[in-house]
Amino acid sequence: MKLSAGLPILGTLLAAAVGLSCADIAAPGRSDVYEWRFISSTDPGTTDTLSFHWPRSMLPVKIWVQDTLDFSNHVTHAIDVWKAAFLYREFDAVLVPDSSEADIIVIADSPAKLPAGAARLERSLAPECEGGTDIVPLPGSRTIQYPVRIFLLPRFDPATPGVSECLRLTATHELGHAMGIFTHSPVATDIMYVDPVVSELSDRDVGTIERAYHVQPNVSVPAH
Amino acid sequence: MRVLLTLLCVWPAVGVSVARAQTDYYARLGVTFATDLVTDNITQDIITQQSLAPTLAFGVSFPIAPAYSAGLETALSTSGYHSTEADQDTDLGTLTTGSVLLNLEGPILHRANWRAGLGLISYLPAEDSGIFLSGGTTRFLAGAGLDYRPPLLTHWDLMVSLRYDFHRFSTDQLDARGFTGSQGVQRVSLSLGLARARR
């Protein structure tokens, strides 16, 4: 090889070596998360900690939405918001036209009507509307209630200012429960706060759902 | 990025149309291997990497001194990309990369040439999601390569090419999510093609 011929190649390799010697990309700490698992007391002094996320084999999760009060748009927005929280396609969902094929059902009803014996997550209490999600398994069970039921209902005339916005953020909040965040955040700036007032996810919401989808769950979807 | 795309689309045609007696031009088809794009850790390590990518390249060069040429090479690669966590792969979609390198070329032996250059590389995801939620990215690129060109036809040589390039990768979405710094990405490609005969 001619000596002069190799100089530009050596120069390029040197540039690459300099670049390689720089530190590689560093991941964020993701330490600011809240408890998302459902912790129930069983016997005195004993607790049962339940965690869940939709398995990749079931993605996209199928959601049926009652055709009322612009629910389709609200839930589509909620899906987009939660999907954007993930970097590695941990979650996806689509709307389906038939409730019989749905993994999650969104109903315009009061969360008060609860099947006997079923468990329910603490209700969302935004002022213009209310929501609830039935997903948590019965005590001793290791499967979620399936299909998951989300309830959304305005507290006033749907045309009242603020009701549509309330339904939208409550849909996002309840979908968070249906995805596996079984508890409420204690911080008001999180979408998973019990009385949500923000419309988008906080960094804590994002960190929490990421963590939930990278921890091995001990609750699964029942055979169906 | 639009400039790079325009160059990628237009340059081959321009290169052919301006070809003159001493202009060298070629087209190659091969595969490109790339190292990790992102290394992350949520509860355990997560690696994101582009799969082996079919690559199409065009190049043109002009003599600038006895035995030396300057040229422009464009390459387009498309393949899937995936994340790996605990030995489990997740398909993240389709990723296209387009690169432009301004090269200096010279001889090594009778039918072998070296080349080295600087340029740009653009990442063009099929879908704005995940690490590309805020869109693709364009980065500076440094590359080098070796070509071997045995005669094939009266006016054409076979071209066997080995390429290496390097850039640092990140995206707006990774920045927004608190990632710091950038990832050094090395790529190696091997390809076969046709080049205008120098005889």
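Leaving aside its neighbours within four places in sequence, which residues is A:V96 in contact with? They are A:K62, A:I63, A:W64, A:E101 and A:A102, where contact means that the C-beta atoms, placed from the backbone, lie within 7 Å. A:V96 sits in the loop between β4 (93–95) and β5 of chain A. A:V96 is partly exposed, with 17 other C-beta atoms within 10 Å. On this scale a residue is buried if 20 or more other C-beta atoms lie within 10 Å of its own, exposed if 12 or fewer, and partly exposed in between, with C-beta atoms placed from the backbone. From A:V96 to A:T68 is 28 residues in sequence and 15 Å in space, C-alpha to C-alpha.

A word on the model before going on. This is a predicted model, in which local features need pLDDT of at least 70 and side-chain atom pairs count only at pLDDT 80 or more, while totals for chains, interfaces and linings use all residues. Residues are numbered from 1 along each chain as its sequence is written, and chains are lettered from A and ligands numbered from 1 in the order in which they are written.

## The two chains

Chain A has four helices and seven strands, and along its sequence they follow the pattern α-β-β-β-α-β-β-β-β-α-α. Helices (H or I, at least four residues) and strands (E, at least two) are DSSP runs, numbered from the N terminus. Of the 224 residues in chain A, 38% are buried. Among its contacts between residues at least 6 apart in sequence, 67% join residues at least 24 apart.

Chain B has two helices and ten strands, in the order α-β-β-β-β-β-β-β-β-β-α-β. In chain B, 41% of the 199 residues count as buried. Residues 24 or more positions apart account for 59% of the contacts in chain B with a separation of 6 or more.

## Inside chain A

In soluble globular proteins, nonpolar side chains tend to be buried together. A nonpolar core here is a set of buried Ala, Val, Leu, Ile, Met, Phe, Trp, Tyr and Cys residues joined through C-beta atoms within 7 Å. The largest such core has 46 residues, and those with the most contacts inside it are A:I63, A:V75, A:W82 and A:V106. At least two residues each come from β3 (61–65), α2, β5 (104–108), β7 (148–154), α3 and α4 of chain A. The largest share, seven residues, is that of α3(A). Beyond its neighbours within four places in sequence, A:I63 has contacts that include A:V75, A:L95, A:V96, A:I104 and A:V106.

How do two of these helices meet? The axes of α2(A) and α3(A) come within 8 Å and cross at roughly 55 degrees, with axes taken as lines fitted to C-alpha atoms, for helices over the stretch in contact, and angles running from 0 to 180 degrees between N-to-C directions. That makes α2(A) oblique to α3(A); angles under 35 degrees count as roughly parallel, over 145 as roughly antiparallel, 65 to 115 as roughly perpendicular and the rest as oblique. Residues making this contact include A:V75 and A:W82 of α2(A) and A:L167 and A:L175 of α3(A).

Helix α4 (residues 203–212) of chain A is mostly covered, with seven of its ten residues buried. Among them are A:V206, A:I209 and A:A212. The cover over the buried residues of α4(A) includes α2 (71–83) and α3 (163–179) of chain A.

## Where the chains touch

The contact takes 34 residues from chain B and 31 residues from chain A. On the chain B side, β6(B) gives the most, with five residues. By class, that side has 15 nonpolar, 16 polar and three charged residues. Ala, Val, Leu, Ile, Met, Phe, Trp, Tyr, Cys and Pro count as nonpolar, Asp, Glu, Lys and Arg as charged, and the others, Gly among them, as polar.

## Backbone details

Most residues other than glycine have a negative phi, and most peptide bonds are trans. These places are worth a look:

| Site | Feature | Value |
|---|---|---|
| A:L59 to A:P60 | cis peptide bond | omega near -5 degrees |
| A:Y146 and A:P147 | cis peptide bond | omega about -5 degrees |
| A:R89 | positive phi, not a glycine | about 55 degrees |
| B:D87 | positive phi, not a glycine | about 65 degrees |

A:R89 lies in the loop between α2 and β4 of chain A and is partly exposed, with 18 other C-beta atoms within 10 Å. B:D87 is in the loop between β5 (68–85) and β6 of chain B and is exposed, with 5 other C-beta atoms within 10 Å.

Conventions: Contact = placed C-beta atoms within 7 Å.
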